[in-house]
Amino acid sequence: MSSDHQSNILSVLVVEILTQAALRPEFAFLGKSPSEARERFIGIVPGENTAVAQIASDGMNLDQKSALEVLLQKELAQHGLSATVYYKRRHSFADRMTLPDNGPTQPPPNRPGAFGVKMQLKPIPGVKKVIAVSSGKGGVGKSTVSVNLAAGLAAQGQAVGLLDADLYGPSAPLMMGIHGPISISADQKMIPHEKHGVKVMSFGFMSDPYHPVIWRGPMIAKALEQLFYQTVWGELDYLIIDLPPGTGDVQLTLIENVPLHGGIVVSTPQAVALLDAHKGLSMFEKLKVPVLGLVENMSHFRCSSCGHLDDIFGQAQIEAFAEERKIPIIGRIPLHRRIREASDGGIPVINLDPEFALYYMPIIEAVLRG
Ligand code: ADP
């Protein structure tokens with residue numbers, strides 16, 4: 001069966017299932033009438049192994065999403081078909097917030113810095129937009145978001161570089177599947193590795209993972225400077241910087257020197273991570289870097305066997321955080337084994353599985369819009 005034909009059949013069936021379900025009291029959350037329920041159907045995206053049915057999830061909680069997913073799968077199985085469900089908000093939180101006005105492509109040189117300090121911004125030759133990805137603490141998925149953002153932008157036809165500036169735990173070599181040292185050009189510049197359509201430079205290429213370099217202040221500044229300005233980036237539409245976690249010296253050195261087009265903050269939904277996210281956000285704000293948005297990683301648990309969704313941490317805190325700080329949530333990514341496996345296997349999950357690519361698309365769109 002052609003994928004077009006299969007998508008058509010699935011579309012008809014999913015619409016029918018939604019229409020019928022709306023008549024059952026336990027699925028009243030789908031809408032006031034069968035036609036409202038029908039309108040929740042967004043489309044079918046053909047996948048490698050299974051198609052993905054996109055359903056608008058506005059106003060639905062996780063139990064309701066799970067119940068609908070079970071129903072859809074059961075009904076489709078009766079026709080010998082299957083589809084994974086991807087829930088998407090029609091009126092996302094991002095839509096309700098005004099996106100920051102990011103101004104010109106390269107911020108004017110020497111913009112006033114925090115506390116009126118005059119910063120000496122030094123653009124990176126050939127690089128149009130630099131986007132920094134930060135997190136208040138480690139292990140929240142900042143690098144995973146960075147590599148998928150970079151690979152996703154490249155898949156959209158953008159010329160992209162990824163600079164893994166996390167000197168304490170460089171992850172790009174593992175997550176992009178790159179091994180071996182970098183080459184040096186005739187004029188003594190570093191030639192980045194190229195993988196998944198992205199030019200990659202990492203502190204990891206400069207150190208032995210079993211004997212980490214003990215970086216001291218001046219060395220850090222020098223090494224950062226080299227990574228930025230002594231790398232043969234060529235012409236890039238976007239350079240994504242995977243910052244070290246936290247708001248220390250490295251981050252400040254970097255933000256004070258490189259003209260950033262925008263910053264993205266990654267957080268998990270727990271309160272403690274959010275407290276750190278406050279700091280990450282304040283760092284961008286104080287240094288007058290436009291914040292493109294907040295990515296909620298590991299937002300809920302998605303079981304890799306049955307697809308059941310479990311809202312372990314709850315959504316209220318992160319929504320309140322975004323509302324309070326007036327920033328849009330530009331991505332909600334579940335905690336799922338497939339994401340970890342893809343990262344460990346050196347392939348951004350966005351290139352591996354269209355179903356997961358959908359989770360990262362809003363982040364990519366926000367960057368392209370920004
Ligand atoms: P950070 O850069 O914030 O330290 P990483 O991106 O390195 O965090 O992620 C830490 C670990 O968690 C990695 O093993 C990564 O593969 C895994 N991970 C990140 N996001 C997810 C997710 N959404 N689902 C499953 N595993 C994840």
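**Around the ligand**

Select the shell around the ligand: by class it has seven nonpolar, eight polar and two charged residues (Ala, Val, Leu, Ile, Met, Phe, Trp, Tyr, Cys and Pro count as nonpolar, Asp, Glu, Lys and Arg as charged, and the others, Gly among them, as polar). Before going on, note that this is a predicted model, where local features need pLDDT of at least 70, side-chain atom pairs count only at pLDDT 80 or more, and totals for chains, interfaces and linings use all residues. Residues are numbered from 1 along each chain as its sequence is written, and side-chain values use heavy atoms, leaving out hydrogens and water.

Next, color helix H5 (142–155), strand E12 (291–302), strand E14 (329–335) and helix H11 (337–344): each gives the shell at least two residues. Helices (H or I, at least four residues) and strands (E, at least two) are DSSP runs, numbered from the N terminus.

Now zoom in on Gly139, where a backbone N or O atom lies 2.8 Å from an oxygen atom of the ligand. Move to Val140: here a backbone N or O atom is 3.0 Å from an oxygen atom of the ligand. Then pick Pro334, which has a polar backbone atom 2.8 Å from a nitrogen atom of the ligand.

**A salt bridge**

Finally, show the side chains of Lys122 and Glu225, which meet in a salt bridge (3.0 Å, N to O). The term means a side-chain nitrogen of Lys or Arg within 4 Å of a carboxyl oxygen of Asp or Glu. Lys122 lies in the loop between helix H4 (93–96) and strand E4 (127–135) and Glu225 in helix H7 (residues 217–229), so the pair ties together parts 103 residues apart in sequence.

Key: Polar contact = N/O pair within 3.5 Å; in protein donor to acceptor, adjacent residues only side chain to side chain.
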